[in-house]
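Welcome, and please open the model in your viewer.

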Amino acid sequence: MATPAEKATAAGLNADLVMLDGFVEVEFMVDRLKRVKDLPIRDDDILLCTFPKSGTHWTWEILNMIVAGKAEYAKHWQNSAWLEYRTEEELEALASPRILHTHLRPSQLPETVWDKRCKVVYVRRNPKDCVVSSFSQMSKQIWKDNPTGKPSYTGTWDDFIDLYLNGCIPIGAYFEHTIEWTNISEAKKNFEICKVHYEDMKQDCVREIRRMADYLGRPLSDKTYQDISEACSFTNLKHANEKLKDQTYHFHWQGDSSGYFRKGTTGDWKNWFTVAQSERFDRVYEERLNETFPY
Ligand code: A3P
């Protein structure tokens with residue numbers, strides 16, 4: 001029987017895929033993932049934990065501004081502080097408090113995150129919008145360093161949904177990721193995390209920024225919350241990343257696209273899913289997470 005990695009390759013995922021601890025991973029990430037558990041964690045580290053395409057860039061910039069106490073863009077792209085991707089030396093070079101972002105499940109993180117009771121912000125987004133966002137990126141954008149010159153995915157939309165629901169996409173086991181993160185407080189002796197929803201940020205970003213600042217113990221003035229919200233609007237943040245920031249840590253893509261700022265809306269999935277695809281998605285979601293599809 002084909003492994004999930006082989007299924008993904010057959011469906012059109014153009015990367016060297018392997019199985020690691022039962023999950024599909026890109027081969028070049030395996031060593032990095034194995035060393036994550038031993039990475040040094042500082043008492044004042046802040047972790048931003050997301051499933052891919054949930055609004056990581058957006059929230060990372062907001063957290064940086066909260067820590068800075070002003071609406072000033074961080075110098076680099078968020079990938080400068082990607083826990084499982086950067087080398088230990090690169091992470092060590094970051095000034096405290098570091099705002100490290102990760103797509104990993106809690107069980108993959110260093111134990112010291114929990115021992116030191118680091119601050120953890122966890123962002124969720126309607127998974128149907130995440131699928132659309134992933135598909136758009138992986139099928140339309142070609143990573144400049146990709147030696148094949150092909151997009152990461154050249155299969156059909158229907159197969160992509162199927163891979164997604166079956167956890168066959170690298171860093172893409174949505175249900176396992178969500179189950180672990182939603183149960184983390186109980187699993188780690190009432191560990192207090194700050195849960196944020198992309199949809200809530202779209203609805204009232206100032207309110208959500210205030211909530212994050214309170215959680216971090218870094219309250220700011222109402223005016224600063226407004227300024228941060230404005231600076232981090234889709235249009236402004238896209239401009240800042242593409243035109244103002246140092247591009248050293250940005251993954252470059254062919255063409256004009258910055259790769260990460262596409263539409264920035266809620267409910268785009270309705271333009272993509274057929275009724276049958278949506279119903280199937282809801283059904284699997286309900287089976288796996290034991291709750292009604294909440295979006
Ligand atoms: P879309 O592809 O639906 O537009 P991540 O940063 O986790 O990779 O998530 C990327 C998604 O967040 C993309 O979604 C991107 O457009 C959206 N996004 C980025 N910045 C945003 C912002 N300031 N406001 C709303 N959405 C934003």
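Which residue has a backbone N or O atom lying 2.8 Å from a nitrogen atom of the ligand? Select Cys232: a backbone N or O atom of this residue is the one at that 2.8 Å distance from the ligand nitrogen.

Before going on, a word on the model. This is a predicted model, in which local features need pLDDT of at least 70 and side-chain atom pairs count only at pLDDT 80 or more, while totals for chains, interfaces and linings use all residues. Numbering starts from 1 along each chain as its sequence is written, and side-chain values use heavy atoms, with hydrogens and water left out.

**Stop 1: the ligand**

A polar backbone atom of Lys53 is 3.3 Å from an oxygen atom of the ligand, and for Gly55 the distance from a polar backbone atom to a ligand oxygen is 3.1 Å. On its own the ligand has 570 Å² of accessible area, and the protein covers 98% of that (Shrake-Rupley method, 1.4 Å probe).

Helices here are DSSP runs of H or I with at least four residues, and strands are runs of E with at least two, numbered from the N terminus.

**Stop 2: helix 1**

Next, select residues 4–11, which form helix 1; its buried residues are Ala5, Ala8 and Ala11 (buried means under 20% relative accessible area, with a 1.4 Å probe and protein chains only). Look down the helix axis: these residues fall within an arc of 130°, so they line one face of helix 1. The arc is taken from the directions from the helix axis to the C-beta atoms.

What do they pack against? Show strand 1 (17–20), strand 2 (23–26) and helix 7 (157–165), the partners of the buried residues of helix 1. Just after helix 1, Gly12 has a positive phi of about 120°.

**Stop 3: Val24**

Finally, pick Val24 in strand 2. Val24 counts as buried, at 3% relative accessibility. Beyond neighbours within four places in sequence, its contacts (heavy atoms within 4.5 Å) include Pro4, Ala5, Leu17, Gly167 and Ile169.

Definitions and conventions
Polar contact = N/O pair within 3.5 Å; in protein donor to acceptor, adjacent residues only side chain to side chain. Buried < 20%, exposed > 50% of the residue type's maximum accessible area, 1.4 Å probe, protein only.
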